[in-house]
Amino acid sequence: MLTADGALEWLDRPEDRTGVPSRMNDGVADPAGRFWAGSMAYDGTAGAGSLYRTDPDGTVERVLDGLTIANGPAFTADGTTLYLADTAVGTILRCRVDPASGDLVAGPETFARLRDGEGSPDGMTVDQEGCLWVAMWGAGTIRRYHPDGHLLHTLTVPAPHPTSVCLSPGDNRLYVTTARRGVKNPTAASGAVLSLPVPAGGTAACSWRVGHGSAAPAQRR
């Protein structure tokens, strides 16, 4: 946590306690003010990644394990549904969440499974209609899924490795971040932030809501 005077306070470093060198990856805040973030091993060791939740009091809890490259957590506006990509295995998971406690109501279910050649699911966001937008790493596309799981649209972008997406709540525009570093055969647009008109807007961004006073000492349960 970076304080107003610039001092740095670690809430937790949970991946320092894992068996293989690992790092945190993508993250998002839910409507209740909790921060969720996934992790992965530096070498992509299968099953070494996890999903963590940081509550407003500063405690950090491992919510899911057995992931490989946890990416793009995204919530519906009511906070009851969490989407999560495991990029390495080409799956998008859906979890039901109790918005009052942040606990998973049930284990994750497979929302979508990508086939060879379709790219790997990366960053994602949910629009005002409850549909899921997903950046497809390696395919140069963005996919929009209906809440029932069927594919609604596929948009092509001029960069082969889109990494994440963001929807403006005001003007029906999709913003796409893309990768350049370490990418084979990059295009002129690789590494750029792209803007595209789309048929739906986004919801207001959420922030982590720290509790009153200083954050409590962080711990992993």
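Two strands count as paired here if DSSP finds at least two bridges between them. With that in hand, hello everyone, and let me walk you through this predicted model.

I'll start with the sheet. Four strands make up an open sheet, running in the order β1-β2-β3-β4, with antiparallel pairing. At the edges sit β1 and β4, the latter covering 60-67, and each of them pairs on one side only. If you ignore direction, neighbouring strands in this sheet are turned against each other by 20° on average. As a reminder, strands of a sheet pair through backbone hydrogen bonds, either parallel or antiparallel.

Let's look at one of those pairs. Strand β3, residues 49-54, joins β4 in the antiparallel sense, over five bridges.

Now to a residue I'd like you to click on: D30. Where does D30 sit? You'll find D30 in the loop between β1 (22-29) and β2 (35-41). And is D30 buried or exposed? The cut-off for buried is under 20% relative accessible area, so D30, at 2% relative accessibility, counts as buried. A polar atom of the D30 side chain lies 2.9 Å from the backbone nitrogen of A32. Once we set aside neighbours within four places in sequence, D30 is in contact with W36, F75 and C206.

Stepping back to the whole protein, how many helices and strands are there? The protein has zero helices and 15 strands. Its radius of gyration is 17 Å, close to the 17 Å that the globule rule gives for 221 residues, so the protein is as compact as a globular protein of that length. Taken along the principal axes, the C-alpha atoms fill a box of roughly 45 × 40 × 35 Å. Of the 221 residues, 46% count as buried. As for contacts between residues at least 6 apart in sequence, 44% of them join residues at least 24 apart.

Mean pLDDT for the protein is 92, and 95% of residues reach 70 or more. Which stretch should we treat with care? Over residues 212-221, pLDDT stays under 50, and the model has 30 contacts beyond four places in sequence for that stretch. Where pLDDT is low, the predicted coordinates should not be read in detail.

How values were computed:
Residues are numbered from 1 along each chain as its sequence is written. This is a predicted model: local features need pLDDT of at least 70, side-chain atom pairs count only at pLDDT 80 or more; totals for chains, interfaces and linings use all residues. Side-chain values use heavy atoms; hydrogens and water are left out. Helices (H or I, at least four residues) and strands (E, at least two) are DSSP runs, numbered from the N terminus. Buried means under 20% relative accessible area, exposed over 50%, partly exposed in between (1.4 Å probe, protein chains only). A polar contact is a pair of N or O atoms within 3.5 Å; within protein, one must be able to donate a hydrogen and the other to accept it, and residues adjacent in sequence count only if both atoms are side-chain atoms. Contact means heavy atoms within 4.5 Å. pLDDT is the predictor's confidence in each residue, from 0 to 100. Axes are lines fitted to C-alpha atoms, for helices over the stretch in contact, and angles run from 0 to 180 degrees between N-to-C directions. The radius of gyration is taken over C-alpha atoms; the globule rule is 2.2 Å times the number of residues to the power 0.38.
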